[in-house]
Amino acid sequence: MGWLQDFKEFSGETSAHGVKWIFHPSVHGSHKVIKILYLVAWLSAIGYSMFVMYNAIINFIGKPTGTKFQVIAKSNDEFEKPASIDFPTISVCSHNVISKSYFQQNENLETLWLELEKWDPEVVKQIDFSEGSMFSKYRNVTFEEILKAAGPPDWTFIQCEHFIDLCQTKLNQSLGEFVERETSLSGNCFRINPKGKLKGKGGDYGKMQLMFFADLNDYSSLTRREPEYGYTVVFHDHESYSSTIPSGFWMSPGFIYKVDLSLTQEFREPPPAGNCDPKRVNNTYGRYEENSCVAQCRDDALMERCGCVHVMPPLPDNTPGKSYRACTLEEWAQCGLEAYKDWVVKYSDVNRVQTECNCPPTCKETQYKAQLSSSMMSKFYAESKSHKLPPGYNSTQDVLENLLIIDILFTSMQVSEIREIVTYGWGNFLGDCGGVLGLFLGASMFTVLEFLEFIILSIAKACCNFGKGNNLGDHHQLNDI
């Protein structure tokens, strides 16, 4: 019995609709016109099904990163609000990076600093650090040592009040475990709630109030040239550092700022659906983020070329096999500045296809979004706060010129989640293919298995005389398989 006869018999038993109406002899007898009409309809259904499946395959393989964002408000209990919410780490950096008094105590340092700030490698290389020169005493001093010593002293952070009475800092007392100092290119900053131990409540019941003394009389000539004065304040997760966060809020003395916070967490998909790297968790700047990766990439470039970095990263031991050292002023003048400018030019070149740093997005990101409102401090309120200032600064005008007050609170106890979700996965692909095959051909997974079985047995019969003498369309006779 030939292959065509076997197929005619098979068409009478297959679960696929339409095949038997064309090929099986028991249907419509010899009415060839009707069989031709069914054949045209069947071939048209096959063509359209193949078109739909082709598009499904292209959509699945060619665009695996198609995503959508879903916002979910979650709490600790399905029917109850959470008892508390994690308070952010708050980094406060004074714009007076090097104070006037520090320049006065260190002869020729201000002149040297002005030369270094020209950011011209050819000019900076001409600075004379040799023995007996006016700058020789600073040749082995690092930027980090100067920034740490020249920034605002601890006592300028006057007060930190929190509803659970854990964050308390008073004049002339040590900062304690709830406040640390962080030295970065922004200066010697205050880092409040560095371990993330403080919790918050919604509204004024969970409010934190911070007070800072700007000490405008100690502003150096370098700071006085800038249009802004006061502080830069950043709200972030306790596992990250302000030196890697480009956004921040400028806050000036003489004002009371109200900061309304909301907590958002973003979750991204790893490959093949997304492009985040789940293996990257930490680096020398704390939790892995795109900006912290760029900062470490910059430090690695400086270490490779000059053997030192501008300022030490906060967690240098987080990357095994790598070591970092802060540049001295002489090393920075001779090599560091030029290497840094070259790196900036390459990294910021928008026309380069190959990026200078391989920094995929993080798979999980915590963001504290802030909305600010401010009010100028009234004279009457300033009078009531004059006792907060150090001796010699007790007038109302001193308060208005130097005191900064920040009230920080959460507007909601809920945490918003933004999740990256694959929009076209295996389920969508099988649904599209199965839907079109079932609608136009009446096919299912068993139909596919039937066709595969017929093809395999036909090839076996033609090549190896397998099942010769048996009817391939009659499945009951194939007991020798």
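Buried, on this tour, means under 20% relative accessible area, exposed means over 50%, and partly exposed lies in between, with a 1.4 Å probe and protein chains only. The model is predicted, so local features need pLDDT of at least 70 and side-chain atom pairs count only at pLDDT 80 or more, while totals for chains, interfaces and linings use all residues. Residues are numbered from 1 along each chain as its sequence is written, and side-chain values use heavy atoms, with hydrogens and water left out.

**Stop 1: Cys297 and Cys357**

Select Cys297, which is buried because its relative accessible area is 16%. A disulfide (a pair of cysteine sulfur atoms within 2.5 Å) joins Cys297 to Cys357, with 2.0 Å from S to S. Look along the S-S bond of Cys297 and Cys357 and you will find -80°, a left-handed link. Cys297 sits in helix H9 and Cys357 in the loop between H10 and S14, so the pair ties together parts that are 60 residues apart in sequence. Helices (H or I, at least four residues) and strands (E, at least two) are DSSP runs, numbered from the N terminus.

**Stop 2: Cys293 and Cys359**

Next, pick Cys293 and Cys359, whose sulfur atoms are 2.1 Å apart and form a disulfide. The torsion about the S-S bond of Cys293 and Cys359 is about -80°, so this disulfide is left-handed. The pair links distant parts of the chain, 66 residues apart: Cys293 is in helix H9 (residues 290-306), and Cys359 is in the loop between helix H10 (329-347) and strand S14 (364-376). Cys293 and Cys359 are both buried.

**Stop 3: Cys308 and Cys327**

Cys308 and Cys327 each lie in the loop between H9 and H10, so the pair ties together parts that are 19 residues apart in sequence. Both Cys308 and Cys327 are buried.

By the distance rule, the count comes to six disulfides.

**Stop 4: Leu452**

Finally, go to helix H14 (residues 445-464), where Leu452 lies. Leu452 is partly exposed because its relative accessible area is 45%.
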